[in-house]
Amino acid sequence: MRSPMVRGVVGSVVVALASLVTSVVPASSWVASVPLRHSLAGRMVGLTFMVAGLGLMAWAWLTVGRRVMAGERLPLLRMTACWSAPLLLAPPLFSRDAWSYAAQGALVAEGYNPYDVGPGVLSGHIIEAVDPMWMQTPAPYGPLPLAYGGLVAHLTMNPYLLMLAHRLLAVLGIVLIAWAVPRLATACRVDPAFATWLVVLNPMLITHGIGAAHNDVLMLGLACSAFALALTGRWGTAAVVAGAAAAVKLPGGLVVIAIAAVMSPLAGRVLRFASLVIAGAVSVLTLVTIGALTGVGSGWLGALDVPGLVRSPFSIANLIGMAASGVLGWLGEDTAAAQALQIVRLVGMVAALGLIAWLSLRSSIHYAARAVGVALLAVVVLGPSAHDWYFLWCLPFLAVARPGRRLTTIITAVSLIFTIAAPLNSSLRGATIPILTTTALVIAMAVPLLSHLRTLQPAQKVPVTAA
């Protein structure tokens, strides 16, 4: 398998086949009867092949990156399509969220308000694979994916078909990212082939985006498109698209920082603030209008704390809060221990909002992409909830912000680790042997791949190569 194209396709096929063993599926699905799923040894075989397939994709991606940076012209978008195709019909990878999307669409179709009740009010096959943690919680997502899910659920209540429908939204998101990233890179004087490799062909985007069918990818695609539209002078349209991004997940609306920078690239803080207010107002109006037109409403704003039920170690606020809570509990301060996590999370969000405000007023057009990337990263690491795929939020914006060798190495390393370690997710919760086995496999696979990062050197100027 000397060709990275072939290596990536083989890796993707292996991942798709392994998902028949490792992914959580409805009990009524034929996949649930696959023999390997019913024994620890069989599940270990599935996890081994899963990590091996992810490693092949990561290896192929690194190989392509070195060739792109050497100035070689490669069909990057065709590679992305080929590596993604085997995952289109596979069960959701690494996460049960796609099954929750299906159930929440069924809630809309059945006349329930998904911001008032959880999937637990339903019965039958539609809720068989929903994570029990989310069975009684309201939906924290915007009106766009819920209204779309409700429309599809009017046609079918088959959870697998509903999951595939939401995967189509992820495909749309990647198409939008693939359209916007080269244009953003060119505007920021970054090699568009380099940016396309780092973002669009990134196995983290392919596996967490298409494989897991997360609606974060649609949010990201709309946000990138809004920035690209603003660069053409269509600021009003860009602000509307930013509102649509926020109507998927609220952080997508932070792209208004870049839109405001494009509207007044040389202006002082007063005019920059005015531009930010105008772009923000159009985006908020779009968000409210979408909620009203779809009939879903804006009740999701009250459910934004639902993801915080998971105490993710990727959030600095969670780590500090849990440490403080543990120390206070050890000292016998039970009341303070119970409040410590919430207080630290609040401080983290205030710090993130302060940083976003500072970036909004100081960023110029040349630094607009980096400002949005840093703002989204701040929301992830300082917010109350962070999952590995949340780091996709800042990926396109940092990739086109003239990243030097150090930032490129960090982005590449994080992408590799979050790709290969993706099976270490909630579906393995409490499964000690699978977790230890997968961790050992990840380390064995990641170490030799990470050793090749020193050979990566991004091209800063726009050359003749293209995606």
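I started at Tyr 160, which lies in helix H6 (residues 159-187). My helices (H or I, at least four residues) are DSSP runs, numbered from the N terminus. I am working on a predicted model, where local features need pLDDT of at least 70, side-chain atom pairs count only at pLDDT 80 or more, and totals for chains, interfaces and linings use all residues. Residues are numbered from 1 along each chain as its sequence is written, and side-chain values use heavy atoms, with hydrogens and water left out.

I looked up the exposure of Tyr 160. Its relative accessible area is 31%, so I logged Tyr 160 as partly exposed. My classes are buried (under 20% relative accessible area), exposed (over 50%) and partly exposed in between, with a 1.4 Å probe and protein chains only.

Next, helix H9 (residues 216-231). I checked its length: 16 residues at 1.5 Å a residue should span 22 Å, and the end C-alpha atoms are 23 Å apart, which agrees. The expected span is 1.5 Å times one less than the number of residues. Of the 16 residues of H9, 15 are buried, so the rest of the structure largely encloses this helix. Gly 233 follows H9 with a positive phi, near 95°.

What does Trp 393 touch? I found Trp 393 in the loop between helix H15 (368-382) and helix H16 (395-399). Trp 393 is buried, at 4% relative accessibility. Its contacts (heavy atoms within 4.5 Å) include Asp 216, Met 219 and Leu 220, not counting residues up to four places away in sequence. The side chains of Trp 393 and Asp 216 make a polar contact (2.9 Å). For that I require a pair of N or O atoms within 3.5 Å; within protein, one must be able to donate a hydrogen and the other to accept it, and residues adjacent in sequence count only if both atoms are side-chain atoms.

Last, Ser 415 in helix H17 (residues 405-420). Ser 415 is buried, at 1% relative accessibility. Its side chain makes a polar contact with the side chain of Asn 202 (2.9 Å).

Terms used. Helix = DSSP H or I, 4+ residues; strand = E, 2+ residues; numbered from the N terminus.
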